[in-house]
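Trainee: I have a model to go through. Can we take it piece by piece?

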Amino acid sequence: MNSAYVYLQLYRLFDDVTPIKADCGQLCGKICCKGKDSGMYLFPGEKNVYKLLNPSWMKIEYSDLEYKYNGKNIRVPILFCNGKCDRYQRPLACRIFPLTPYLNSDGKLEIIIDPRAKGICPLAKGLYINEYTPNFVKNIHKCFNILTKNKEVYTFLDTYSRQLDEYMKFFE
């Protein structure tokens, strides 16, 4: 699988589809683009997009999050931006923020409001999932229905979802 090609095609689902019909960055002063110590996880294989594009506005490091796949412990890459980016080169996690994929306890894919966003994003604090632009939510489902067919992505999402479970304890 040419993962860079797959992600570049999936990115197109979000070129013209956003969480709400207005520029949500005007609500918060684009706070999600200002965190010097915060970044966005890259999904398995997504790092290959940035090897190909090599944009100057970002750096990739490795997070503390690990998942086990094919007998190996894999540390999840995290992309940090300098606060300004080419909108069409943003990682998938940025494109779908403040929503995120989640595997429930039955292993079924859901799209949820990212509990980590609730501390910074007015949309995450104030809207229910059904109040987001319907095509935005539909495209996230479509994207992750495709990606979760890949065993490594599914394995990563299982580990990632258990991490989100820990965050959710703070917002119950």
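Trainee: Which residues does Gln-89 touch, not counting those up to four places away in sequence?
Mentor: Gln-89 touches Tyr-50, Leu-53, Pro-55, Trp-57 and Arg-95, a contact being heavy atoms within 4.5 Å. This is a predicted model, where local features need pLDDT of at least 70, side-chain atom pairs count only at pLDDT 80 or more, and totals for chains, interfaces and linings use all residues. Residues are numbered from 1 along each chain as its sequence is written, and side-chain values use heavy atoms, with hydrogens and water left out.

Trainee: Is Gln-89 buried or exposed?
Mentor: Gln-89 counts as buried because its relative accessibility is 19%; buried means under 20% relative accessible area, with a 1.4 Å probe and protein chains only.

Trainee: What joins the side chains of Gln-89 and Trp-57?
Mentor: A polar contact of 3.1 Å. The term covers a pair of N or O atoms within 3.5 Å; within protein, one must be able to donate a hydrogen and the other to accept it, and residues adjacent in sequence count only if both atoms are side-chain atoms.

Trainee: Now helix 7. Which of its residues are buried?
Mentor: Val-153, Phe-156, Leu-157, Tyr-160, Ser-161, Gln-163 and Leu-164. They sit on the same side of helix 7, because they cover an arc of only 165 degrees around the axis, taken from the directions from the helix axis to the C-beta atoms. Helices are DSSP runs of H or I with at least four residues, and strands are runs of E with at least two, numbered from the N terminus.

Trainee: What caps its N-terminal end?
Mentor: Asn-150 does, with a side-chain oxygen 2.9 Å from the backbone nitrogen of Glu-152.

Terms used: Buried means under 20% relative accessible area, exposed over 50%, partly exposed in between (1.4 Å probe, protein chains only).
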